[in-house]
Amino acid sequence: MTTAQTTTPRPDTNVTCEANVDENGNEVEYSVKCVTVKEDVRDAVVVITRTTTKGVARLDYSVNPKRAANFPTIQKLKGRVFFKDGEMTATIKVPVKNNNMKARVDEVHIVEISKPTTGKVKKGKAEIVVLDDD
Ligand SMILES: [Ca+2]
Ligand SMILES: [Ca+2]
């Protein structure tokens, strides 16, 4: 008859928290920047910055209208964005559909980042402004 082995819980050395803190030992923070584009830009490139280059990370993002134009060029969007090891910035490409219609107002959308796999969100919301060219 075998006796059940009793194991003492030990710290799991496979778990690494290196991506949670920056070089100064502070918790990693993510910020998203506002961007203004012309309607014929094809993609509005939204830049997310983090306070480290270490480790991989993933965030969720969403794009929603704040001030909708009468002829919108950006659709609602949801997705995920990834940081590779060594990268301090990651980008979201938001497709912009050019049209021939004159907008009453330039449209404004809110891009929001959330749920980073490491660290925390510092500035989670930014505007995408699309300038009409008709
Ligand atoms: Ca146009
Ligand atoms: Ca237009």
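Start by selecting β6, where Ala90, Ile92 and Val94 make up a covered face and Thr89, Thr91, Lys93 and Pro95 an uncovered one. Strands here are DSSP runs (E, at least two residues), numbered from the N terminus. In a regular strand the side chains alternate between the two faces of the sheet.

This is a predicted model, in which local features need pLDDT of at least 70, side-chain atom pairs count only at pLDDT 80 or more, and totals for chains, interfaces and linings use all residues. Residues are numbered from 1 along each chain as its sequence is written.

Val47 is the residue opposite Thr91 of β6.

Now centre on Val94. Leaving out residues up to four places away in sequence, Val94 touches Asp43, Ala44, Val46, Val63, Ile74, Leu77 and Ile128 (contact: C-beta atoms, placed from the backbone, within 7 Å).

The largest nonpolar core has 19 residues, of which Val46, Val94, Val111 and Ile128 touch the most other members. Such a core is a set of buried Ala, Val, Leu, Ile, Met, Phe, Trp, Tyr and Cys residues joined through C-beta atoms within 7 Å, buried meaning 20 or more other C-beta atoms within 10 Å of the residue's own. The greatest contribution to this core, 4 residues, comes from β4.

Then select β4 (residues 57–67), which pairs with β5 in the antiparallel sense over 7 bridges. Leu59 stands opposite Val81 in β5.

Finally, show the open sheet of 5 strands, β2-β9-β7-β4-β5, with mixed pairing. β2 (35–38) and β5 (77–83) are at the edges with a single partner strand each, so one side of each has no neighbour in the sheet.

Terms used
Chains are lettered from A and ligands numbered from 1 in the order in which they are written. Two strands pair if DSSP finds at least two bridges between them. A residue is buried if 20 or more other C-beta atoms lie within 10 Å of its own, exposed if 12 or fewer, and partly exposed in between; C-beta atoms are placed from the backbone. Two residues are in contact if their C-beta atoms, placed from the backbone, lie within 7 Å.
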